[in-house]
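Subject: Structure handover

Hello,

Here is the structure I promised to pass on. Please open it first, then read my notes below.

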Amino acid sequence: ELNENLYESAKRELMEETNLIGNPIKIIDTYSHFNSLFGDILIIGIEMEILDWSTLKAGDDVSETKFFKLNKLPNLAFDSHKKIIEMYLKNRLS
């Protein structure tokens with residue numbers, strides 16, 4: 001959104017999509033991704049500390065919320081989400 005910095009945007013998006021309040025910990029990684037609707041977009045993954053998991057619920061762009069183990073994730077709808085998770089796992093293990 002206009003006049004938001006990266007971390008304000010991450011906090012807002014987290015709230016909008018999951019109803020969770022969190023604080024940014026660090027940038028996981030970034031990469032460029034081509035999207036047929038928007039063209040080239042910059043993807044930025046941010047690790048967040050969640051303050052209270054009890055408020056979790058599906059937001060405006062989410063049909064449901066569930067927890068999964070990182071090594072047993074379901075098929076994700078967007079390649080960009082898969083890529084950020086791969087980057088997170090790679091950074092976590094190194």
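A pocket, as used here, is an open set of grid points with protein on both sides within 12 Å along at least five of seven lines. The model is predicted. The largest pocket has a volume of about 2,400 Å³. Its lining counts 43 residues, and L14, E17, T18, H81 and I85 are the closest to the centre.

Where does the lining come from? Helix 1, strand 1 (22–35), strand 2 (39–50) and helix 2 each give at least two residues. Strand 2 has the largest share, with nine residues. By type, the lining holds 26 nonpolar, 10 polar and seven charged residues.

On confidence: the protein chain has an average pLDDT of 91, and 99% of the residues reach at least 70. Helix 1 (residues 6–18) is highest, at 94, while helix 2 (residues 79–93) is lowest, at a mean of 88.

Next, the salt bridges. The whole structure has five. One joins R12 to E1, with the closest N and O atoms 3.8 Å apart. This pair links distant parts of the chain: R12 sits in helix 1, and E1 in the segment before helix 1, 11 residues away. R12 is buried, at 19% relative accessible area. E1 is exposed, at 64%.

R12 also bridges to E13, at 3.0 Å between the closest N and O atoms. E13 is partly exposed, at 32%. A network of salt bridges links E1, E4, R12, E13 and E16.

In helix 2, K82 and D79 lie three residues apart, about one turn of the helix. They form a salt bridge too, at 3.6 Å between the closest N and O atoms. K82 is partly exposed, at 27%, and D79 is exposed, at 52%.

Best wishes

Methods: Residues numbered from 1 in each chain as written. Predicted model: local features only at pLDDT ≥ 70, side-chain atom pairs only at ≥ 80, totals over all residues. Heavy atoms only, no water. pLDDT = per-residue confidence, 0-100. Helix = DSSP H or I, 4+ residues; strand = E, 2+ residues; numbered from the N terminus. 1 Å grid on protein atoms, 1.4 Å probe; cavity = no way out; pocket = protein on both sides within 12 Å on 5 of 7 lines; lining within 4 Å. Points joined across faces, edges and corners; volume = space filled by probe spheres on them. Nonpolar A, V, L, I, M, F, W, Y, C, P; charged D, E, K, R; others polar. Salt bridge = Lys/Arg side-chain N within 4 Å of Asp/Glu carboxyl O. Buried < 20%, exposed > 50% of the residue type's maximum accessible area, 1.4 Å probe, protein only.
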